Amino acid sequence: DAFAEALAQADEIILTPIYSDREKNLWNVHIDDLAEAVRNRYEKSVCICESFDEIVQLLTEKTQAGDFVLVAGSQTVTAVAPMLVQSLQNQYEKVGS
């Protein structure tokens, strides 16, 4: 409940499937449950992306100058930030040409 409440503070919410790289899912938490909690309790839109490429594409389309993008999660999700920077740079270069 507290996690859903914290996520609901964001303007845009993008989630990926929950996986555990170190431990079992003892709490039986699934991404669909979290997304549903945010949607139903806080009437917020939630997008579930299955891949980092999908996240980057979505953020490249939605991100505007001055936006703050927070990427948080376990291990390899940190790859999204440099991928997004590169995608936005590519988009900017196309516009500037």
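I began with helix α4, where the face turned away from the buried side carries the exposed residues Pro82, Tyr92, Glu93 and Gly96 (exposed is over 50% relative accessible area, buried under 20%, with a 1.4 Å probe and protein chains only).

A note on what I am working with: this is a predicted model, where local features need pLDDT of at least 70 and side-chain atom pairs count only at pLDDT 80 or more, while totals for chains, interfaces and linings use all residues. Residues are numbered from 1 along each chain as its sequence is written, and side-chain values use heavy atoms, with hydrogens and water left out.

Next I looked up the buried side of α4 and found Val80, Leu84 and Ser87. They sit on the same side of α4 because they cover an arc of only 65 degrees around the axis (the arc of the directions from the helix axis to the C-beta atoms). The buried residues of α4 pack against α3 (contact means heavy atoms within 4.5 Å).

Then I turned to the largest pocket, and its space comes to about 1700 Å³. A pocket here is an open set of points on a 1 Å grid over the protein atoms alone, where a 1.4 Å probe fits, with protein on both sides within 12 Å along at least five of seven lines; lining residues have an atom within 4 Å of a point. The volume is the space filled by probe spheres set on the points.

I asked which element gives the largest share of the lining of the largest pocket. I found α2, with 5 residues (helices are DSSP runs of H or I, at least four residues, numbered from the N terminus).

Key. Helix = DSSP H or I, 4+ residues; strand = E, 2+ residues; numbered from the N terminus.
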